[in-house]
Amino acid sequence: MKAIVGSDHAGINGRKDAIEVLHNRGWDVDERGPKTAEEKADYPDVAHQIATAVTAGEAELGVLVCGTGQGMAMTANRYSGVRAAVITDEFTAEMARAHNNANIACFGERVIGPEKIVAHLQTFLDTPFEGGRHEG
């Protein structure tokens with residue numbers, strides 16, 4: 001399985017932690033974004049790269065991390081076939097997958113911090129799409 005993970009300068013720690021979670025679960029991971037917080041990156045540019053890769057079938061799953069997660073989700077959701085969800089807690093992580101079949105998880109490092117990104121990403125990954133009335 002292949003994932004693509006990106007962040008702007010406000011989400012570097014969360015991005016690195018998300019990559020570790022995915023690697024530990026056997027995912028092949030492509031990483032996008034700045035190397036340090038001093039290297040500024042515009043969140044729409046990173047969101048574009050991740051959304052394009054997911055819609056092109058280059059990755060089954062995307063993870064985006066910025067300050068709030070909102071800008072990344074808004075940008076990614078402009079792409080047909082993207083279902084990007086802002087994850088803020090265990091419930092939104094579960095429902096984004098179970099009911100919305102999200103294929104890009106967006107996190108706000110300045111809102112929930114890297115530790116909760118790890119926990120919520122694990123919930124997101126462990127939750128299957130329920131289908132049924134949620135299809136379409």
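On a 1 Å grid over the protein atoms alone, a pocket is an open set of points where a 1.4 Å probe fits, with protein on both sides within 12 Å along at least five of seven lines, and its lining residues have an atom within 4 Å of a point. This is a predicted model, in which local features need pLDDT of at least 70 and side-chain atom pairs count only at pLDDT 80 or more, while totals for chains, interfaces and linings use all residues. Residues are numbered from 1 along each chain as its sequence is written, and side-chain values use heavy atoms, with hydrogens and water left out.

**Largest pocket**
- The largest pocket has a volume of about 150 Å³, a volume being the space filled by probe spheres set on the grid points.
- Its lining residues include Met1, Trp27, Arg97 and Phe124, and by class the lining has six nonpolar, two polar and three charged residues.

**Thr127**
- Thr127, found in the segment after helix H5 (109–126), is buried, with a relative accessible area of 12% (buried means under 20%, exposed over 50%, partly exposed in between, with a 1.4 Å probe and protein chains only).
- A polar atom of the Thr127 side chain lies 2.7 Å from the backbone oxygen of Thr123.
- Leaving aside residues up to four places away in sequence, Thr127 touches Glu94, Arg97 and Ala98, where contact means heavy atoms within 4.5 Å.

**Asp89**
- Asp89 sits in the loop between strand E4 (84–86) and helix H4 (90–98), and is partly exposed, with a relative accessible area of 33%.
- Polar atoms of the Asp89 side chain lie 3.2 Å from the backbone nitrogen of Phe91 and 2.7 Å from the backbone nitrogen of Thr92.

Conventions. Helix = DSSP H or I, 4+ residues; strand = E, 2+ residues; numbered from the N terminus. Polar contact = N/O pair within 3.5 Å; in protein donor to acceptor, adjacent residues only side chain to side chain. Nonpolar A, V, L, I, M, F, W, Y, C, P; charged D, E, K, R; others polar.
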